[in-house]
Amino acid sequence: MADRIALTINGHPMETTAETSVASAVMQASGGVTRRSVTGEPRGPLCGMGVCFECRVTIDGVPHQRSCQTSCQPGMRVDSNPNFNASEASVTTLRSGSEMNADVLVVGAGPAGMAAACCAAEAGKRVVLIDDNPHAGGQIWRHDPAKAPSKHAATWIERMRRHPIEFMTTAQIIAAPAEGKMLAETAGGLVTLRFARMILACGARERFLPFPGWTLPGIFGAGGLQALVKSGFSVNERKVVVAGSGPLLLAVAAYLRKRGADVRLIAEQTRASLLRFGASLVWNQPSKLTEAISLRWQLRGISYRTAWPIRANGANCLESVTLTDGSRSWTEPCDALACGFGLVANLELPTLLGCAISNGAVQVDRWQQTSKPGIYAIGELTGVGGIDKALVEGQIAGWAAADQPNQAAAFLSERDQAARFVHLLDDTFALRQELRSLPDAETIVCRCEDVRFGRLSHFTSFRDAKLQTRCGMGSCQGRICGPAVQFLFGWSSDTIRPPILPTALANLADS
Amino acid sequence: MNGYDVAILGAGIVGAACARALATAGMRVIILDRAPIGSGATAAGMGHLVVLDDSDAQFALTRFSCQLWNELAPLLPTDCEHMHSGTLWVASDDEEMAAVRSKHTYYQERGVATEILDGKAIADAEPNLRPGMAGGLRVRDDGLVYPPCAARWFIEKAQEFGATLRLNADVVGIDNNAIQLADGSRVVCDKIVHATGTWTRHLFPQLPMRPKKGHLVITDRYPGFITHPIVELGYLKSAHGGQRASVAFNLQPRKTGQMLLGSSRQIDTETRAIEPHMLGRMIARALEFMPTLSRLSAIRTWTGFRAATPDSLPLIGPATDRPGQVLATGHEGLGITTSLATAELIVAHLTGRTPPIPLAPYLPSRFAEGGAHG
């Protein structure tokens with residue numbers, strides 16, 4: 001039985017369990033609302049993984065904290081709708097000045113990063129592994145206090161434990177001030193990381209596409225809702241619609257069902273994808289086919305349709321979602337909509353470092369090395385392809401960065417096979433044209449600054465739209481609206497500058 | 001009709017203000033830029049509308065321009081985020097308080113409303129300043145604006161009076177009052193106004209103008225954290241004058257509740273990249289004045305280049321040896337403030353009217369051999 005923790009939310013005492021995220025606790029206390037947008041709309045968490053900034057709250061007097069990335073602590077004071085009071089903001093210098101040195105620095109502790117860290121450590125290198133979550137596992141093996149890790153995940157977690165890997169959790173890289181040097185923000189202050197080689201395993205986030213009503217609390221990413229449930233948000237006996245695109249939808253639906261949700265419908269925007277996808281798997285990835293069959297069994301009785309959401313309905317939170325199959329539309333009452341349209345790589349850090357990027361993926365050589373010597377990229381960064389590709393690329397990069405090319409070479413053919421899955425995913429789950437016409441003039445595209453579709457449609461570049469409307473200029477810095485405007489208007493994002501995540505001013509000051 | 005009375009190169013705030021003024025005066029105007037409206041130094045600037053007294057000529061131009069901004073303020077659309085904020089000049093010690101008093105006298109004698117604040121009064125005015133400031137000077141009628149939207153609005157006004165806007169227009173050369181563009185087309189016009197900031201050097205390599213790089217940071221939203229633009233009084237001595245890289249405390253509120261933090265100055269660098277050491281020095285300077293900033297979230301940083309002249313005054317008026325071509329550039333860090341006054345001077349010059357303030361101190365000929373000011 002997990003420990004009980006007492007904290008205060010919006011002035012009211014509340015009890016929760018250890019390892020519950022502040023986001024989940026606030027949603028429970030406030031009917032799903034974590035903040036008011038700049039135009040006063042109620043908002044709840046969307047991504048569940050620290051990207052969207054919709055879950056920002058004031059924690060112990062410090063505003064704009066991402067509650068999904070913060071675990072509840074005894075005595076914590078959380079305010080989800082504060083009037084900012086400057087005098088309450090504590091005056092502490094966060095800069096701790098501590099330093100860590102690594103032969104190999106691995107950024108991201110999902111399967112790719114875990115594998116890379118293990119191999120480099122087994123080769124005798126001093127390895128520092130850094131992740132912004134409280135536990136290893138990334139999104140796909142995200143820690144779940146309610147459930148033991150899968151056998152596959154447990155194998156790698158155990159392998160990590162056997163080596164002296166320095167694992168920094170709840171730590172974000174914010175800047176790369178010089179070659180071989182990174183700044184990380186941690187709970188204990190700012191840490192300077194010095195390294196000889198670096199392996200980037202920053203993973204991916206969900207792609208969100210705007211449609212009328214999509215900003216209502218109760219609408220989450222598909223992986224987003226799963227992450228929030230893992231951190232303590234209850235979906236027990238709630239009616240859930242899972243929608244969007246990609247194999248993630250099935251895994252999420254199965255997970256939510258196990259956790260007591262009444263999954264009403266899985267709506268996949270691509271027609272007959274499962275059939276075609278399954279047939280290709282037989283040829284390409286027999287192991288994945290077994291997975292798919294097992295999933296299908298877990299999802300028995302749940303309606304699976306070729307459809308996509310066209311409108312979410314509700315006054316202050318989600319009440320129902322209207323979907324269409326292209327010829328007919330209908331409305332599905334629900335308490336939650338888990339909706340993501342595939343994944344996009346988290347390219348901010350590789351972009352900041354100047355790594356060559358093409359078609360949304362970091363370009364790498366056969367050893368996973370980027371265009372920047374000594375910097376490697378693995379997993380979703382080099383093409384969204386799931387866990388097998390992540391693990392094998394992680395092992396190649398881990399050995400290669402530790403100057404063990406013979407060890408790395410053993411995985412090359414396996415990698416080439418896993419990489420085919422990238423194209424299979426791309427082809428199978430290509431987004432349909434109709435999704436471009438979902439937003440109406442009033443639909444918000446940039447959730448940070450509440451910029452509506454109607455204000456954006458006449459601009460010719462993201463830069464122009466940013467300057468005139470603030471689209472993409474809020475806390476998330478275009479992480480959510482960037483992929484959306486790329487899909488809607490063909491705009492590409494411009495340059496990345498430090499800090500790559502919002503950080504305390506003191507962390508950027510010269511000491 | 002074939003051709004324009006005036007072609008304006010540059011859709012930054014200076015070019016945009018010139019376009020509005022010239023079109024309103026009845027001229028046929030075309031505005032050319034290779035990039036979106038207000039996306040150069042205009043996008044990088046803080047948008048502080050400020051009267052400065054570095055020199056009498058600078059005072060005359062900034063003062064006149066701030067009056068124009070205040071007249072215009074009620075007409076500006078909300079996305080221009082105009083604020084009648086005043087400016088708070090902060091003095092750390094007695095020496096700087098002496099400077100406060102002489103600045104006060106100078107402004108008062110010329111009709112600019114100012115008020116001396118002692119240590120207690122400045123703490124009341126901005127409670128987040130560190131305790132123990134000597135005092136400061138509040139300039140009542142300075143303001144703030146969001147420059148890219150102001151530039152766009154100026155151009156919209158010009159278009160209402162018949163002006164033409166052509167973006168993605170890359171100028172490759174000028175001959176006989178025709179502008180050649182990279183796509184092979186030509187724009188025929190009687191006069192050309194160059195309002196292209198530091199880029200003007202590409203067409204006028206002899207101009208005594210250098211880019212001065214600046215870094216800026218914007219914070220998340222903290223409504224009420226400060227209410228005035230706050231600038232250290234040492235700003236002029238620490239940031240404006242010297243040749244070395246320098247920083248000064250300069251913090252400005254925005255209508256959104258965000259804050260813009262500057263400032264830094266560097267010459268002899270043309271890289272756009274953030275330089276962590278300069279950024280770090282600039283923030284460290286701010287924390288000396290306002291330690292409570294330390295926990296606030298910085299969400300974005302950027303750099304920009306000011307077009308700086310040796311005497312810190314802009315280049316406004318006919319280009320020497322280039323008949324029909326007029327400069328409106330070299331505004332250094334004051335382009336947003338002085339855009340409106342610059343536009344009035346350009347209109348007067350091109351229409352033969354008497355300028356509203358003497359043009360002589362800003363004439364490009366002052367730097368020509370044998371020019372008025374050498």
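What follows is a walk through the salt bridges, the interface and some of the surrounding elements.

Modeller: Keep in mind that this is a predicted model. Let us begin with the general idea. Side chains of opposite charge can pair when their charged atoms come close. Over all chains, a search of the whole structure finds 43 salt bridges.

Some of these pairs link the two chains. Across the interface of chain A and chain B there are four salt bridges. One of them joins Glu449(A) to Arg221(B). Their closest N and O atoms are 2.5 Å apart.

Asp79(B) and Arg455(A) also meet through their side chains, at 3.9 Å from N to O. A salt bridge counts here when that distance is within 4 Å. This pair crosses between chains. Asp79(B) sits in the loop between helix H3 (56-72) and strand E4 (87-91) of chain B. Arg455(A) sits in helix H12 (residues 453-456) of chain A. How enclosed are the two partners? Asp79(B) is buried, with a relative accessible area of 18%. The cut-off matters for this value, because buried means under 20%. Arg455(A) is partly exposed, with a relative accessible area of 40%.

Now look at the interface as a whole. On the chain A side, 36 residues are in contact with 44 residues of chain B. The size of an interface is often given as the accessible area lost when the parts come together. For chain A and chain B, the area buried is about 3,500 Å². Carbon and sulfur atoms give 56% of that area. Three residues of chain A stand out: Gln468(A), Arg470(A) and Leu505(A). They supply 20% of the area that chain A buries against chain B, more than any other three residues.

Next, a pair inside one helix. Glu160(B) and Lys157(B) form a salt bridge, at 3.1 Å from N to O. Both lie in helix H6 (residues 147-160) of chain B. They are three residues apart, about one turn of the helix. An α-helix has 3.6 residues a turn, so residues three or four places apart point the same way. Glu160(B) is exposed, with a relative accessible area of 56%. Lys157(B) is partly exposed, at 23%.

Another pair in chain B spans a stretch of sequence. Glu332(B) forms a salt bridge with Arg265(B), with the closest N and O atoms 3.4 Å apart. Glu332(B) lies in the loop between strand E18 (325-329) and helix H9 (335-351) of chain B, while Arg265(B) is in strand E15 (residues 259-265), so the pair ties together parts that are 67 residues apart in sequence. Both ends are enclosed: Glu332(B) is buried at 10% relative accessible area, and Arg265(B) counts as buried at 3%.

Salt bridges can also share partners. In chain A, one network joins Arg35(A), Glu41(A), Arg43(A), Glu54(A), Glu442(A), Arg447(A), Asp450(A) and Arg452(A).

Strand E15 of chain B leads on to a helix. The buried residues of helix H8 (residues 276-289) of chain B pack against E15, along with E4, strand E12 (210-219), strand E13 (230-232), strand E14 (246-253) and strand E16 (297-308). Among those buried residues of H8(B) are Met278(B), Leu279(B), Ile283(B) and Phe289(B). The 14 residues of H8(B) should span 20 Å, and the end C-alpha atoms are 20 Å apart, which agrees.

Chain A has a helix to set beside it. Helix H2 (residues 111-122) of chain A has 12 residues. From first C-alpha to last, H2(A) reaches 16 Å, close to the 16 Å expected. Of its 12 residues, 11 are buried, so H2(A) is largely enclosed by the rest of the structure. Pro111(A), Met114(A), Cys118(A) and Cys119(A) are among the buried ones. Their cover includes strand E8 (98-107), strand E9 (127-130), helix H3 (151-161), strand E13 (189-200) and helix H9 (386-401) of chain A. After H2(A) comes Gly124(A), whose phi is positive, near 90°.

Last, a sheet in chain A. Three strands form an open sheet in the order E19-E20-E21, with antiparallel pairing. Its edge strands are E19 (308-313) and E21 (329-333), and each pairs on one side only. Neighbouring strands of this sheet are turned by 25° against each other on average, direction ignored. Five bridges join strand E20 (residues 320-324) to E21(A). One bridge partner in E21(A) is Pro333(A), which pairs with Ser320(A).

Note on methods: Residues numbered from 1 in each chain as written. Chains lettered and ligands numbered in written order. Predicted model: local features only at pLDDT ≥ 70, side-chain atom pairs only at ≥ 80, totals over all residues. Heavy atoms only, no water. Helix = DSSP H or I, 4+ residues; strand = E, 2+ residues; numbered from the N terminus. Expected span 1.5 Å × (residues − 1). Buried < 20%, exposed > 50% of the residue type's maximum accessible area, 1.4 Å probe, protein only. Contact = heavy atoms within 4.5 Å. Pairing = 2+ DSSP bridges. Axes fitted to C-alpha atoms, helices over the stretch in contact; angles between N-to-C directions. Buried area = accessible area lost by both parts, 1.4 Å probe.
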